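Trainee: Hi! Could you walk me through this one while I have it open on my screen?
Mentor: Happy to, let's bring it up.

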Amino acid sequence: LIFGEADHFPGWTVDRFGSVLVSQIMSLGIERIKDQLFALLWEEMEKRGQTVAGIYERNDIALRKKEGLREGTGWAAGFPHPESTTTQIVENGIRYQVDFGEGQKTGFFLDQKYNRLAIQRLCKDAKVLDCFTHTGSFALNAGIAGASSVLGVDASELAIKQAEKNAELNGLSDRVRFMNRDVFALLPELEKFDMVILDPPAFTKSRSSVKNAVKGYREINLRGMKLVKDGGFLATCSCSHFMDYELFTKTIAQAARN
């Protein structure tokens with residue numbers, strides 16, 4: 001196995017935050033051999049000259065119940081580990097304080113790394129709105145790229161506090177500010193922006209609720225588009241597995257027509 005910053009195979013995901021590995025196991029088969037896998041992973045990382053400070057288990061995912069497994073979090077038994085579940089990482093030249101013990105998913109969304117980098121090309125001197133900002137990653141990428149002003153919005157008070165700390169870490173507090181509000185309720189109150197970024201949580205995690213998810217994505221994209229100035233940009237994302245590329249683009253097109 002060759003592990004990058006966010007690698008996985010069926011039933012198991014491993015994210016690396018600096019020298020800490022964060023494991024999320026979703027299948028009984030992997031759970032049964034996790035001690036051997038952790039030992040092999042630790043050994044392989046050290047062979048590559050990459051120091052491992054600890055392995056943290058983020059098994060607080062409902063999918064485990066279908067495998068007859070308990071949910072829970074904590075340091076992997078039998079391995080050394082640091083005291084704190086927070087660490088600092090650098091991505092796209094931006095520093096983040098990551099709480100892999102309490103944050104959403106495993107503390108950070110590494111899979112969006114290159115999307116965050118891509119929006120930098122569009123943000124110079126722009127007025128930017130980052131919806132569902134979480135700990136501020138898209139907002140900070142806009143700020144470091146030279147945006148004139150950035151507003152990040154999220155319903156989680158904990159996420160907003162972390163986002164504000166991340167802005168301070170990068171010396172961006174003067175241009176990047178955050179608001180703890182429900183995005184759907186806030187958007188009708190706002191003026192237009194040069195760029196609007198939408199990265200909502202999954203609106204569906206099952207095939208049976210796809211229709212409701214389509215309504216949700218259509219509505220949030222409609223509201224987001226209304227806030228984009230002429231000649232501006234909308235960056236929109238979906239992390240719902242059952243919203244495939246064709247359905248997602250069709251939904252966005254419906255929002256645009258509306």
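Trainee: How do H7 and H8 lie relative to each other?
Mentor: This is a predicted model, and in it H7 (residues 210-226) and H8 (residues 245-257) pack at an angle of about 45°, with their axes 8 Å apart. The two helices are therefore oblique to each other.

Trainee: And what is the handedness of the crossing of H7 and H8?
Mentor: H7 passes H8 in a right-handed crossing.

Trainee: Which residues of H7 and H8 meet there?
Mentor: On the H7 side they include Val 210, Val 214, Tyr 217 and Leu 222, and on the H8 side Leu 247, Phe 248 and Ile 252 are among them. By class, this contact has 10 nonpolar, 3 polar and 1 charged residues.

Trainee: Okay, the sheet now. What is the strand order?
Mentor: It is an open sheet of 5 strands, ordered E10-E9-E8-E11-E12, and the pairing is parallel. E10 (176-180) and E12 (228-236) are the edge strands, each pairing on one side only. Ignoring direction, neighbouring strands are turned by 20° against each other on average.

Trainee: How many bridges are there between E11 and E12?
Mentor: E11 (residues 193-198) and E12 pair over 5 bridges, in the parallel sense. For instance, Ile 197 has Ala 235 in E12 as its bridge partner.

Trainee: Is H4 mostly covered or mostly open?
Mentor: H4 (residues 137-144) is mostly covered, with 7 of its 8 residues buried. Phe 138, Leu 140 and Asn 141 are among the buried ones. After the helix comes Gly 146, which has a positive phi near 100°.

Trainee: Last one, the hairpin. How do E2 and E3 run?
Mentor: They run antiparallel, and 6 bridges join E2 to E3 (residues 20-25). Arg 16 stands opposite Leu 21 in E3. The hairpin has 2 residues between the strands, and Gly 18 takes a positive phi near 65°. E2 (residues 12-17) is mostly covered, with 5 of its 6 residues buried.

Note on methods:
Residues numbered from 1 in each chain as written. Predicted model: local features only at pLDDT ≥ 70, side-chain atom pairs only at ≥ 80, totals over all residues. Heavy atoms only, no water. Axes fitted to C-alpha atoms, helices over the stretch in contact; angles between N-to-C directions. Helix = DSSP H or I, 4+ residues; strand = E, 2+ residues; numbered from the N terminus. Parallel < 35°, antiparallel > 145°, perpendicular 65-115°, else oblique. Left-handed = near helix turned anticlockwise from the far one by under 90°. Contact = heavy atoms within 4.5 Å. Nonpolar A, V, L, I, M, F, W, Y, C, P; charged D, E, K, R; others polar. Buried < 20%, exposed > 50% of the residue type's maximum accessible area, 1.4 Å probe, protein only. Pairing = 2+ DSSP bridges.
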